[in-house]
Structure formats: C-alpha cells, structure tokens
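Okay, thanks for coming, everyone.

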Amino acid sequence: MKYVDEFREPALITRTVEEIKRLADTQRQYRIMEVCGGHTHAIYRFGLKDVLPSNIELIHGPGCPVCVLPMGRIDDGLSMAEDPSVIFAAFGDMMRVPGTHGSPLEHKARGMDIRIVYSPTDALKLAAKNPDRHVMFFAIGFETTAPSTALTLMRAKAEGIRNFSVFCNHVTIIPAIRAILDSPDMRIDAFIGPGHVSTVIGCRPYEWIARSERKPIAVSGFEPLDILQGIVMLLRQLRDGESKVENQYKRVVPWEGNRAALRVMAEVFQLRPYFEWRGMGFISQSALRINDQFAAWDAEHRFHIPGVRVTDPKAAQCGEVLKGVLKPAQCKLFATECTPERPVGALMVSSEGSCAAYFNYEHRKASTLTNISVPA
Amino acid sequence: MSTVTSIDQPRYKVRFRDPQIEMAHGAGGKASRRLIEGLFLPLLCEASPEPLSDAAHVRINGASIAITTDSFVVKPLRFPGGSIGELAVNGTVNDLAVSGARAEVLVTTFVLEAGLPSSVLEEEVRAMADTARQAGVTIVGGDTKVVEHGKADRMYISTCGVGSPIAGLHLSAGAVRPGDKILLSGPIGDHGITILLARGELDLEANLRSDTRSVLPLVEALASAVGGSIRWMRDPTRGGVATSLNELTRDCGLGVVLREESIPLRDEVRGACELLGLDPLHIANEGQFLAVVSPECANAALESLRATPGGHEARIIGEIRKQPAGAVLVVTSYGGSRIVDMLVGDPLPRIC
C-alpha cells in the first residue's frame, strides 16, 4: 500500500535502527518525549521499543486530546444531552471516556440519544436531517481537528442551520509543551514533535523550544520509519550539541503550516484566558472558544452548563502519566482498578492514551515474555 | 447427555456484576465472554464439561450430534456480497463445521417488525433457501414473531442447526501443543469492513464484498487430508481473529505467536483499517476459519486447503508457543512485537 509499505520496509527499518545504535552514546541515557498520543500508539503497536537500544527512553507526552479533558467537561457535555430534544454527537474516541455517572456509551445504553460521527460536518448533516431536534457536537482535539470544527460552524451560519451547536473543547499544543518544560520534575533531552498538529500549525511555533529551551525537536510522521528517522535526527543534534527544529514529516507538514486552516480557525475561535487540563491544572491561553459572531452555535451560550469541577479519583495518577513523570504501569490503578473495560481515566480508553497503548500492546508482553523470536 | 462429574464444585460461578447490558456484551469480545461465563454458563450449562466452543457435541440415545444456535441482527439487511438471509444459514453451518460437524438440518426463527415490506422478507427467505441448498443443509421448521413498528430493526433471524460429527476429528483446546501451526483459510476483515462501509456513515468507498460462505467444503478437505492432526478450529466472526485466538490461549494455557506479514489481508481492508484506526485482527469475518494443526502435518494441511475451491489464499500465520502464556503476540518482520488482546467493546473509529 502506497505511503504505508515504504515506511514499514524491514530492511530500511533495520538500517535506521543500526544508525540509531551508532549515534547513541552508550555512556549516557536519552530521554525523548513523543508529544503526540498517536506516536505513543505507533511506538507500541509497531513494537519499536523492542528494536531501540535500552538507553533511549521514550517518554509519553500530553498529546491526547481526549485524555487531557477534565471529567467535568464530559459531565457538562452529557448534562446538555439530558434534554430529550438534544442529539449528542461526538467522535468515537469520546464514547468510552468516563464521566462521573458513566461514559457517553453507558448513557446511550440508558437511552440518551448519543451518536458517533466521523467529522463535525456529519453532525451538521444530522441537524439538517432532524429539524425538530437539536444536534450538539462535542468538539475535541488539538489544532488537528479545530479547523474542521471551524469550517462546520461557518457552514452552519452560512446555511442558517439553527438547530446545531458545538460544545468547544479544542485545546492548543504549545502551552502544554511549555507546561511540561516548566515542570520541575521533568528532564527531557529532546522532543519528537507532533505530526498531525503540525500539518496545521507548521514547524515555526516550536522554534522557541529549540532556541530558548535548547531542546532539539523533530516533527515526525507515524509510521515506524518516520519515528525512527525522527530519533536519528534528534540523536545527531544531541551528539553535535545543536538544538533546532527539524521536519521529518515533510511529505505532509509544510514549514509554515496550513494557512487556509489557520485562517478559518482565526475567524471562528479565540483563545480562552485559561482552561483546565486533566492532571495539569489550569493552563493560560491553552484552549479555544467560539467567538461572539458564532455565539448562536456555541453550546456554552445556548445551554445552561453546570460547569462543575470534578476531581479525578485520588488514587488515579493520570496527571503524572500525562506529563510523562510516571510510566502507565507505575500508576497505582494500572491494570487493577483501571482497565480498558472499566477505565478510571480517559488515558485507558482513548485511541491516543498512553495507558491504553501500554495495556493493549505491551503490558502482558512484559509480564509473560521470555525469549520470543520470529517463528520460522 | 454427558455426565456431571462434580456437582459440588461448578466450573463457573455467577459473578456477572455489570450494572446493565451494553452493546459490548454482544460484540463478541471480553464483555461477551464475561456475560456468558458469569451468568449464562453457571445457571444454564453448569453440566457442560467442555470449554466454550462454537457448537455442543452431545450423545442422545447413543447417537452423537452437534447442535448450535446463532442470531442475526445485521444492519443493513443487504450488503455487497451477501444479506442477512445468507448469513443466517452460513453462520450456523460454519459454527457446526468448525466444531467438527456437518450441518444436516436447521430450524429458524424470524422476528419481524410491523411495517417491513413483504418483498424484503421474501428476498431474504429466498436467499436462505438458496444458501441452504448450496450448503447441503435442510431447513425443517421455524417460528415467526412480529413486534410493533419501532421495536426491532426491520428483521432479525435466528437459526438453530443440528449436525453429524465429521469422522476422524477430535477437536479440543486441550489437545493444542507448543509448536503446533496456526492456519487461516483466507484474507480477514472483508465482512466487517464491508458492513461498516455499507452503513454509509463513512464517506469511504471500497470495492469490497462480505466473505459470507459455508466453510464446510474447506473443513472437509482439511479433515480428509490430515484429520487426526487437527487440534482445534474456530470461525473468527465478531471480535475477529484476535478474539478467537485469545480464547484459545485462555482455554489451553499456551501462547500464540503470529507473523504479521503472513496474515492475509486485502489492500482495501488494510486501507480502511489504517484510516479508521482499527486492527484487522479485531474485524469480523463470515467465511473464514482458523485451524491449529500438528507441525508435521502443517504443510499437507495447507496444501489441502489451497487445492480446494475458495482456499487458495490460505496461509500458515503463526504457531503455538509456551510463551506468552494466555496471550497473542504479533511479531513484525523487523523484530518488533505487540500483544493483541481480545476486542474491548465495539470497534470505534478514531479521529486523528
């Protein structure tokens, strides 16, 4: 398959792993954070830890939009859908995320009208098809998905579709990285930069990390070879004492970003002064809200939202895992009280959550595996 | 009926504590297993001596028979490559086949929603008749219920099949040994992805058809070639290959190691899975089966499948190992590996 097979080619992967082994100084430990949850999943799914030298430690970052959402926001979204005229529409990712009284899927089983959509425009179509109902789209995501929400709001306005609103939970990636760098317990040598977010924002917004924080960053794709090449770039910079932004994912990420996407975001959204992140607390200017021109489609304007803050269960260490301070398996609840079937935190169910990745692909491997080789 | 050996210590205890039934309980993965083992088995089938399989083999007045039942609630009713009527026959024929039995007779139940056009029903009844003829099974009876409009999704079909054991087959998870090879009859995921696309909720199109078919001819070819060397078979329907093999590892206490590049997969299925973030090993099939055979007979088994019409894409996809006990490990050609668990919940596409 084009654009996939080339990046999973065993000979190339082996050669790149050899290069990594040559570059990695055996006398030192490398701590590399992959910011994006998509990378975390790829690393476990493709078993990349098996091929990397043991002194390269990959630290999972906060780049999972479902995971960073505090439980209160999920409760808020679900509270709007208690009105029987409301259809709650969200991406599949949201469906198993626990709220105080259960996940959207559990609410659906109890009779709430909850639909999975694959894009915000599908939610808008749902509104057009159900003129006597109100469709509330639960918008999540970093800059990756924010432009499509913006376009959908512009279309709703242009077409005068009034029975549609968006509960905006879009967040931005740069303040999250800054929060991690500001965190005193974090020692990170370099970053694998998020691939999908960068298709929208480009590489320039990361330059301060290289310049003022002196950390190398390589924006990378999601195939095994992409991630390994990103690591090669970072190791070269570290060897040479450099710190710059490199773009491994040139086939998708333009250096300047996607101007059209940035334009529609600027038209529809504005920065919130602050926003609460799960486990990381309030981060200033880290999330988007719908601006006043689109207030008629803003669920936060149209509905009464309780806005209750819900603290995560005390024993859950989602915040530490999100910041990369703890590995998923080091959380007290991992695989005991918190499993993909009975999640305590969203990290265990999101397709980008590091706990889900670790549980699904690695957990039992680590505990049961001895001397596995490729069968003949 | 088989005798109950220890009434005092039932194999299963009632321990199903989920507060309500959710879609996941019917998706064939972990929740389904929890429901069956935690509620149905202890109360209904306490006497069952065997691990869960696709059909029960029982003796009645000295005669061995295999019996199974399956219900079909697919939406849409018709999809590229098949329809609910075809599934209803093939599904039950296949459950019997992979338990080592040839389907002889079926009975069927229709649950119909008031307002269903008769033409739709007739189409499906005709599809059942044609499929039964092709599969060599006779439909000998049935039942009809009609529910109010809005209380069912157009129509549901349930079939119960009785079969006669295929000579020379002795299948049991307990017979599986380290070193045994795992055969797969053909490419996976066609049915599940076809249905996902046929629902029209995704703006995706692919030239793909459901793989619904009777696997009995393939099973019979395999049985006549290497009969006694077949340890275990299963048709990986809901929950896919990953769920079937995880169940095997639980039932036999051994591990499964698969070579990723050996798993047959059409580009269309692979592409859809890549786009939607699904693992093809979790996607449903309706016309494939898995067989574990002894290593000495693996090549002969493969040849027999490949020489049978519809079996040319069969592959050996991996083997049984002592480790990782109770788990399925997929190994890539460049030396990476990952555990593939049972399906949790329904497969839900991701966003980005």
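This is a predicted model: local features need pLDDT of at least 70, side-chain atom pairs count only at pLDDT 80 or more; totals for chains, interfaces and linings use all residues.

The C-alpha centres of domain 1 and domain 2 of chain B sit 23 Å apart. If you want to find those on screen, domain 1 of chain B covers 12-49 and domain 2 covers 54-165. There's also a domain 3 in chain B, at 173-339.

Now, where the two chains touch. On the chain A side, 41 residues are in contact with 37 residues of chain B. Which elements of chain A give two or more residues to that side? They're α1 (10-23), α2 (37-45), α3 (48-51), α5 (104-109) and α15 (354-368). The biggest giver is α15(A), with six residues. Sorted by class, this side of chain A has 20 nonpolar, 11 polar and 10 charged residues.

Next, a helix pair inside chain A. Helix α7, residues 146-159, packs with helix α12, residues 259-268, at an angle of about 60°, and their axes are 8 Å apart. Angles of 65 to 115 degrees would count as roughly perpendicular and those under 35 as roughly parallel, so α7(A) and α12(A) are oblique to each other. The crossing of α7(A) past α12(A) is left-handed.

And who's meeting whom? From α7(A) we have Ala146(A), Pro147(A), Ala150(A), Leu151(A), Leu153(A) and Met154(A). Across from them in α12(A) are Ala261(A), Val264(A), Met265(A), Glu267(A) and Val268(A). By class, that contact between α7(A) and α12(A) has 10 nonpolar residues, one charged and no polar.

That's my tour, happy to take questions.

Technical notes. Residues are numbered from 1 along each chain as its sequence is written. Chains are lettered from A and ligands numbered from 1 in the order in which they are written. Axes are lines fitted to C-alpha atoms, for helices over the stretch in contact, and angles run from 0 to 180 degrees between N-to-C directions. Helices (H or I, at least four residues) and strands (E, at least two) are DSSP runs, numbered from the N terminus. Angles under 35 degrees count as roughly parallel, over 145 as roughly antiparallel, 65 to 115 as roughly perpendicular and the rest as oblique. A crossing is left-handed if the near helix is turned anticlockwise from the far one by less than a right angle, and right-handed if clockwise. Two residues are in contact if their C-beta atoms, placed from the backbone, lie within 7 Å. Ala, Val, Leu, Ile, Met, Phe, Trp, Tyr, Cys and Pro count as nonpolar, Asp, Glu, Lys and Arg as charged, and the others, Gly among them, as polar. Domain bounds come from an automatic or database domain assignment.
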